[in-house]
Amino acid sequence: MKEMQKNNGKEYWRSLDQIADTPEFRSFLEREFPENASEMTNPVTRRNFLGLMGASIAFAGLVSCRKPVQKIVPYVKAPEDMIPGIPKYYASTATLGSHAYGVLVESHGGRPTKIEGNEKHPSSLGKTNAFLQAEVLNVYDPDRAKSVSNEGTDAQWSDFVAFWKEKHSQFTESRGEGLAVISGEFSSPTLHRLYETFKSVFPKASWVIDEPVSYKNVYQGLETATGKRVRAKHHFDKAKVVLSIDNDFLGLEQESITGNKGFAKGRKVETEKDEMNRLYIVESSFSVTGSMSDHRKRLSQNQIERFVRQIASALGVLTNASENVVDPAWVNALVKDLKKNPGKSIVVAGHRQTAATHSIVFAINESLSNNGNTVTYHSDPYLVHDGDSIADVIKNASKLDTVIVLGSNPVYNSTAGQNFGEAYKKIKNRITLSLYKDETAALSTWHIHQAHFLESWGDAVAVDGTISTIQPLIQPLYNGKTNTEVLNLITSAEDKDCHDILNETWQDILKTKTLAKNWRRILHDGVHAENKSLITVKADGQAINNLVKSSDISATSLSKDNLEIVFYPSAKTYDGRYVNNGWLQEAPDPVTKISWDNAALISPKTAEELGVKTRDLVFINVGGKELEIVAHVLPGQADYVISLEVGMGRKDYGRIADGAGFNVNTLKPSDSFSVTGARITPTGRTYVLANTQDHSSMENRPLIREATLEEYKKDPEFAPNMVKHPPLKSLWEEYPYTEGYQWGMAIDLNTCSGCNACVIACQSENNVPIVGKEQVEKGREMHWMRMDRYFSGDLDNPEMVYQPVACQHCENAPCEQVCPVQATLHDKEGLNVMTYNRCVGTRYCSNNCPYKVRRFNFFNYTKDYPETIKMVQNPDVTVRFRGVMEKCTYCTQRIQAAKIGAKNEGRTLVDGEVVTACQQACPADAIVFGNINDPESKVTKVKQQNRNYAMLGELNVKPRTTYLAKLRNPNPEIVKQTETVS
Amino acid sequence: MNKETEAVYDYQVPLITGNQTFSSITDRISSITESKTTKEWLLLFGLASSLMLLLFGSIGYLVWEGTGIWGLNNPVGWGWAIVNFVFWVGIGHAGTLISAVLFLFRQKWRTSINRFAEAMTLFAVICALVFPGIHVGRIWVVYYFFPIPNQMDMWPNFRSPLLWDFFAVGTYFTVSLLFWYTGLIPDLATLRDRAKTKIRKVLFGIFSLGWRGGNKQWKHYELAYLLLAGLSTPLVLSVHSVVSTDFATSVIPGWHTTIFPPYFVAGAIFSGFAMVMTLALIARRVYHLEHIITMTHLENMNKIIMVTGMMVGYSYSMEFFIAWYSGNPYEAYAFINRAFGEYAWAYWIMISCNVIIPQIFWSRRLRRSIPVMFIASITVNIGMWFERFVIIVTSLSRDFLPSSWDYYSPTFWDVSLLIGSFGLFFTLFLLFIRHLPMVAMSEVKGVLPQANPHHGHNGHEGESK
């Protein structure tokens with residue numbers, strides 16, 4: 001009532017309904033009854049009951065066409081194109097900061113259960129990474145914020161709308177004085193349109209970008225170098241020589257999917273006559289990219305920056321020759337290699353590097369003719385990566401009236417010396433939109449619960465300018481709001497439906513008022529393919545020189561009393577956003593193999609000098625701040641450099657996040673990813689780390705077989721010949737396995753980068769439970785697919801190798817012979833199958849498995865699943881009970897589904913029709929699966945390669961999974977150098 | 001029973017000392033079951049049955065929560081439960097060996113110890129059988145082990161050594177029980193004849209199966225006993241051989257060894273004799289049976305302990321030799337890891353207890369010293385428990401792929417089950433010595449000088465050996 005008076009002055013009631021339509025009354029209605037149940041307040045007659053039922057059926061029909069319907073109603077009569085048990089796939093887009101990844105989401109009866117890459121999308125090419133695989137779990141996270149809250153008490157969205165309408169008129173008048181928005185980086189036509197509207201409606205308001213793993217430096221460096229706002233797309237597949245400057249393009253950089261795919265293409269070797277690419281990397285701590293490198297230098301961040309100038313000088317890009325950070329002979333060999341491959345090499349720098357470094361790298365690529373060949377540049381008018389300074393917000397906090405946080409978490413991200421939280425509390429109205437009741441939400445006056453992207457409409461732009469659409473797979477579980485909706489409300493004070501907002505943008509993009517047919521196709525494909533924005537750019541030498549000069553760097557000599565700290569994105573939480581995701585938390589870090597924690601990584605030499613051991617709790621002091629964290633000694637880490645993983649150490653966030661790891665943001669400088677002048681002192685206490693792999697040496701066992709390209713050319717059969725054994729005879733009469741489909745797998749260790757995508761994909765597909773830190777520490781993790789990681793060579797600067805290991809499906813399976821109840825057996829297609837119902841749980845099979853891939857349900861891990869988590873389970877895969885053994889099945893449910901499909905069509909399976917979850921996710925295409933009885937199948941061909949070997953084949957177990965030996969391609973010149981030195 | 005006789009023990013003295021007569025033997029043994037319950041017995045029984053309750057409580061919790069309450073993990077799928085199983089089966093060897101094998105070899109000194117050695121066997125096998133039952137993940141479907149004809153035509157896997165185990169231990173238990181019971185019949189009849197209460201009369205009457213001690217009865221009885229002894233003898237060898245195939249037929253380095261069957265049998269006899277020794281020394285002291293279980297018996301047993309200890313030691317060294325000689329790097333690593341790896345402490349406990357300590361029995365003085373042999377018999381059993389621990393846990397914790405290596409450490413529930421199993425064992429044993437004749441009266445009478453047809457009268461030495 002109050003409101004009506006305010007808006008229109010004197011107001012007459014037109015009807016009682018109108019008075020009733022106040023927020024108070026509506027909220028009363030909604031709390032008392034489920035939404036839309038208000039019709040039922042009429043006396044229920046048979047007639048209107050039937051009417052409602054009819055409406056339900058109509059709505060049910062709408063759900064299936066993915067129209068933006070408002071109600072979720074169970075099927076009374078099944079819609080025509082929905083066959084129970086047959087999943088449907090819808091294209092959508094996941095975003096990570098300014099990056100977009102097209103995805104195909106598998107939906108079972110209206111609930112998304114699995115995410116795959118969208119082949120049509122240029123940033124995913126049908127593949128995924130671990131984060132994308134895990135997104136589906138986030139939708140169903142029971143710890144998500146479930147309602148709007150105001151001052152800590154539950155409220156309604158309509159309350160907020162009413163609140164904002166009032167505020168909106170105030171800010172329209174003041175043109176945004178005292179208003180600030182904090183968001184992450186984004187590149188989306190709709191958000192960008194609203195962003196522009198916001199800027200024009202509230203010109204005096206500020207817009208701050210808060211992105212912990214920021215790509216600001218990358219974009220700024222390119223902008224300086226080219227004078228244009230561009231994004232770079234790297235074509236690793238075309239590069240013969242790759243130089244990575246602290247760029248983890250196979251792991252945690254945003255281009256990781258295309259990075260893996262392209263790099264693997266350039267590294268693929270089929271016969272000893274093939275050539276492969278060569279990777280040089282300089283980095284501070286070991287990354288999965290470092291594990292794939294042919295030459296690796298451990299440098300501090302300070303050294304890396306100077307190394308870039310050294311190499312730029314050597315290439316003649318920069319004239320002011322700086323000192324030699326790295327042995328000039330090594331650099332010369334590298335430069336020679338780069339110059340030998342003009343237009344076929346690629347130099348990439350990581351997001352941690354300064355804008356100056358990125359501009360130099362642009363110039364280097366130009367000088368090597370790489371620009372336009374291996375690196376292309378694309379304009380992106382929708383990109384927002386830079387805004388007003390957060391420091392100003394902190395400074396002027398008491399003068400600010402309202403701050404709106406859109407999906408970001410500035411209180412947690414607050415870096416050393418900022419203390420955003422304190423300043424934030426001084427602002428009068430603090431509005432936060434986020435998925436969780438996070439640190440910022442806890443301090444906010446209004447918290448709006450965000451919709452997950454699988455519940456949202458939206459759009460996003462890929463690195464090459466391709467626009468893709470985000471479409472919902474499910475009604476928002478808790479009626480959350482998207483940032484599009486909230487931003488639209490903020491700018492226009494209109495509470496509009498997300499789809500309608502999107503429509504307005506797309507009417508412009510498609511230049512039509514009716515979206516009908518075109519729009520349907522775009523939604524179906526997930527991408528708007530016509531919109532490519534390739535542009536040619538030239539280096540502006542003067543601008544680069546100026547930038548380089550202005551950001552001059554001096555050498556810091558590091559020592560045990562002057563350590564450098566480097567902050568790196570987490571493989572578990574990225575920047576903290578996935579911190580409540582159990583799959584990611586439990587997945588061992590690809591490099592350290594630590595699960596459920598982060599640690600301060602220290603090189604063996606530095607650790608010895610400091611008297612620190614793995615699992616010791618230490619104090620890190622830098623810039624007057626102190627952090628207590630557990631230490632982990634990691635071979636391959638640069639000396640005197642401590643690496644800290646961001647995104648962990650939460651309180652009151654969610655049941656997964658709480659208590660896992662340490663918050664390292666308190667030490668992080670606001671404008672850089674590294675800081676020097678740190679000291680470490682042991683506390684004398686220790687901390688329990690759940691590490692899934694205690695032993696990192698292969699003990700000279702021929703498990704991962706590796707050679708250099710040169711050795712391979714000399715001895716193409718090195719891999720199978722590495723083990724000599726007597727003729728193998730079986731105790732039992734062997735089944736021939738010569739008829740029908742015979743399933744087998746080959747994994748190319750030469751292209752597998754160890755990125756963990758397969759591990760999470762398998763977990764998602766096969767309902768693999770998470771067990772928690774305590775159980776992982778005991779050695780009871782359940783992953784069917786594990787990523788073995790070994791170090792070799794020098795302790796300080798070793799090589800790192802990966803091997804994905806799942807059930808090998810031995811034809812002569814040792815597990816089967818010992819099972820007393822025949823719960824594990826072979827089928828005629830060579831699958832080692834588990835009968836969960838028959839399993840008594842003697843664990844004898846696991847004992848007798850030489851690969852130790854079997855997983856036992858020591859407890860009833862799935863007993864306490866919240867209702868929502870039950871929804872993420874794949875209905876095609878049994879959820880296992882306590883006391884039974886489980887293991888990789890080669891995705892038998894997918895084999896069956898394909899076989900049934902083929903049988904219905906009266907044909908046999910075609911090669912490539914059955915794709916296992918790990919294979920489907922693998923961005924490097926390192927995993928090949930198929931019928932080894934078909935001489936033409938891809939897997940047969942791969943297994944015929946001379947690098948093919950069976951791990952532990954000498955046990956006569958006849959594994960169906962075989963590996964292709966790993967190759968390295970070192971520069972002969974550098975090899976000669978090291979030989980003469982040693 | 002008296003101090004003055006103790007001093008004159010000599011190798012040459014008869015098996016039974018103290019100038020026993022048939023009736024004194026009967027009195028001595030039967031009175032233990034007939035007299036009032038002593039305070040000591042009640043105390044011991046209270047202690048043992050409390051521990052037994054701990055076992056049942058732990059089992060209850062285990063079934064409720066799952067095998068996760070143990071310290072098991074992924075590479076180490078078997079831990080203390082299976083160690084305990086093999087340990088108890090091993091102990092269960094001595095009884096039948098003493099009764100059957102020594103009987104066939106006409107080793108008459110066995111008569112004083114065979115009865116409770118057999119009882120010990122039965123109780124040890126009962127303790128052993130507890131573990132395979134409870135160590136499975138889903139105890140409620142444990143009947144899948146049995147070859148029960150069913151409509152799905154599902155059978156157990158006859159290739160699995162675990163199934164062989166099930167049959168081997170089951171058969172052994174059944175035959176041992178029959179053998180023990182057959183031996184008991186004449187003594188039960190003696191008790192029946194001496195019974196003063198109605199209940200004793202009825203119960204012993206039923207279980208003595210109408211034994212009257214007639215000539216014909218003795219003739220049939222002795223033949224039956226001989227046949228059962230013949231039947232039991234291969235079982236003594238087979239049961240632990242089969243248990244060893246659980247490990248020997250697997251592919252795991254440290255398990256995959258052909259030496260296992262004889263090595264396990266030797267180890268079982270070794271630990272079984274040690275356990276008989278421990279119990280005999282206590283019973284002898286508590287019930288004053290020094291004249292029946294004489295120093296000669298003890299010394300003979302010590303000799304067997306020493307011999308089997310050396311056989312076990314030989315096996316340990318032979319494993320190392322083969323690990324080197326085979327040229328199999330995995331096996332070589334497994335054994336080096338045993339002796340010098342994370343579990344070296346367990347390995348060296350095993351070596352000290354099983355190989356080094358029994359060597360003291362080369363000395364006749366130590367061989368005949370009650371405190372020394374008591375301690376040695378206990379250390380042998382500690383050593384033999386560790387032998388199974390070393391074999392099972394060290395091999396599993398570090399097998400083929402270093403990536404999956406992990407350390408196993410027991411939890412409270414692992415320990416409580418082991419301690420509880422001793423509770424069960426002693427509870428049964430205490431009930432046995434309280435209610436049944438713990439020495440085979442009829443057989444001991446058979447080796448008295450008076451039983452020898454050539455036996456003269458007092459003072460005339462008879463042929464008793």
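Modeller: A residue is buried if 20 or more other C-beta atoms lie within 10 Å of its own. This is a predicted model.

Biologist: What percentage of the residues of chain B count as buried?
Modeller: Apply that cut-off to chain B. The chain has 465 residues. The share of them that counts as buried is 49%.

Biologist: What radius of gyration does chain B have, and why does it agree with a compact globule?
Modeller: Chain B has 465 residues, so a compact globule would have a radius of gyration near 23 Å. Its C-alpha atoms fill a box of roughly 75 × 55 × 40 Å along the principal axes. The value for chain B agrees with the globule: 23 Å.

Biologist: How many helices and how many strands does chain B have?
Modeller: Look at the secondary structure of chain B. Strands number 0. Helices number 17.

Biologist: Which helix supplies the largest share of the side of chain B that touches chain A?
Modeller: In the contact between the chains, 38 residues of chain B meet 42 residues of chain A. Helix H7 (161-194) and helix H12 (329-340) of chain B each supply at least two residues to that side. The largest share is 3 residues, and it comes from H7(B).

Biologist: Which class has 21 residues on the side of chain B that touches chain A?
Modeller: Sort that side by class.

Biologist: Now chain A. Which helix gives the most to the side of domain 3 of chain A that touches domain 4 of chain A?
Modeller: Domain 3 of chain A spans 563-691, and domain 4 spans 706-968. Their C-alpha centres lie 32 Å apart, and 17 residues of domain 3 are in contact with 20 residues of domain 4. Helix H22 (582-586) and helix H23 (604-610) of chain A each give two or more residues to the domain 3 side. With 4 residues, the helix that gives the most is H22(A).

Biologist: Which residue in E41(A) is the bridge partner of Tyr949(A)?
Modeller: E40(A) and strand E41 (residues 961-964) of chain A run antiparallel. They are joined by 2 bridges. The partner of Tyr949(A) in E41(A) is Tyr963(A).

Definitions and conventions
Residues numbered from 1 in each chain as written. Chains lettered and ligands numbered in written order. Predicted model: local features only at pLDDT ≥ 70, side-chain atom pairs only at ≥ 80, totals over all residues. Contact = placed C-beta atoms within 7 Å. Nonpolar A, V, L, I, M, F, W, Y, C, P; charged D, E, K, R; others polar. Domains from an automatic or database assignment. Pairing = 2+ DSSP bridges. Rg over C-alpha atoms; globule rule 2.2 N^0.38 Å. Buried ≥ 20, exposed ≤ 12 C-beta atoms within 10 Å, placed from the backbone.
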